[in-house]
Amino acid sequence: MNKDKMFFSDSWEFFPCNINNQSFSIRFDLAVGSLDDETKAKYPHILELSIYPNEVTGEGFPTPAEFGNINKIEDSFSCGHYDMRNIGVITGGDRVRFIFCCDEKAEKEAENMVKILLGDNANNIKYSCKIFSDDNFLYYHNTLAPNIYEQSWIMNRHVCTNLENQGDAFKILREIDFFCYFASEKHIENVAKELIKQGFKEISREKTEEGDYSLQLTLEGIPNFEWINEITANIIDLLKDTDGYFDGWGSPICKD
């Protein structure tokens, strides 16, 4: 696969999600969210290519062996002479969906485009495709891009991985910092009071040089991934219907 032609960037992320009580995993190209209007105008259509594995787990994901087969198919994708870019992959629901944006020519010749994309694999797998004409990246923003909780999940994974890479044993209680920002002072007091009830300690509350307001609190704990996801989801819930947003957390490294 010619990666320079197939992707906008190599900066991809993933996150798990639930849709109608069914588990999925989504990979997406971070670069798509910041494409300029001129670039987006070149790729107004969406191709959704679904590949159906021969064996799936009870949760609807390909078995490990089938994951290997589908990864090989993905690695062999070729866009040929068509102008198209892979912007995301959705795994779950007994299939793997590869999402491409494409130009006018590719949209009009979708059937042939898919044959070139799959090459010889087209004869050996079960697949289907769907075209979303004049989508203009709505599919990306509505389906592939993470919501606020999924963005937090991604951030939490990165912070926990960084702590692990620096030798954190995740065995020692420590004070963990949490940061919120507000457009005004209207909601800070109520948010701070509620978090303090939950065991947080307020460290600082001040107006920033940009004119908004910061709130820093600490909570004693061990920042393992599952626990920190529960904590951050709770903070995000608390900030609903306010003019504030959660700006992440930080922890000292505690080795054995």
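Which side chain meets that of Glu-111 in a salt bridge, and at what N to O distance?

Author: The model is a predicted one. In it, the side chain of Glu-111 meets that of Lys-115 in a salt bridge, with an N to O distance of 4.0 Å. Both residues belong to helix α5, which spans residues 110–118, and because they are four residues apart there, about one helical turn separates them. Glu-111 is exposed, at 60% relative accessibility, while Lys-115 is partly exposed, with a relative accessible area of 45%.

This pair belongs to a total of 11 salt bridges in the structure. Side chains of opposite charge can pair when their charged atoms come close. Another example joins Asp-237 to Lys-240, whose closest N and O atoms are 3.9 Å apart. Asp-237 is partly exposed, with a relative accessible area of 40%, and Lys-240 is likewise classed as partly exposed, at 48%. Elsewhere, salt bridges link Glu-189, Lys-193, Glu-202 and Arg-205 in a network.

The pair formed by Glu-48 and Arg-97 has another setting. Their side chains meet in a salt bridge at 3.7 Å, N to O. Glu-48 is buried, with a relative accessible area of 5%. Arg-97 is buried also, at 14%.

The nonpolar interior comes next. In soluble globular proteins, nonpolar side chains tend to be buried together. The largest nonpolar core here has 23 residues, of which Phe-77, Met-84, Phe-98 and Phe-100 touch the most other members. At least two residues of this core come from each of β3, α3 (64–75), β4 (84–92), β5 and α5. Helix α5 gives the most, with five residues. Thus the helix that carries the Glu-111 and Lys-115 pair is also a contributor to this core.

With neighbours within four places in sequence left aside, the residues in contact with Phe-100 include Met-6, His-45, Ile-46, Leu-47 and Leu-49. Phe-77, Met-84, Arg-85, Asn-86 and Leu-117 are also in contact with Phe-100.

Conventions. Residues are numbered from 1 along each chain as its sequence is written. This is a predicted model: local features need pLDDT of at least 70, side-chain atom pairs count only at pLDDT 80 or more; totals for chains, interfaces and linings use all residues. Side-chain values use heavy atoms; hydrogens and water are left out. Buried means under 20% relative accessible area, exposed over 50%, partly exposed in between (1.4 Å probe, protein chains only). A nonpolar core is a set of buried Ala, Val, Leu, Ile, Met, Phe, Trp, Tyr and Cys residues joined through side-chain atoms within 4.5 Å. Contact means heavy atoms within 4.5 Å.
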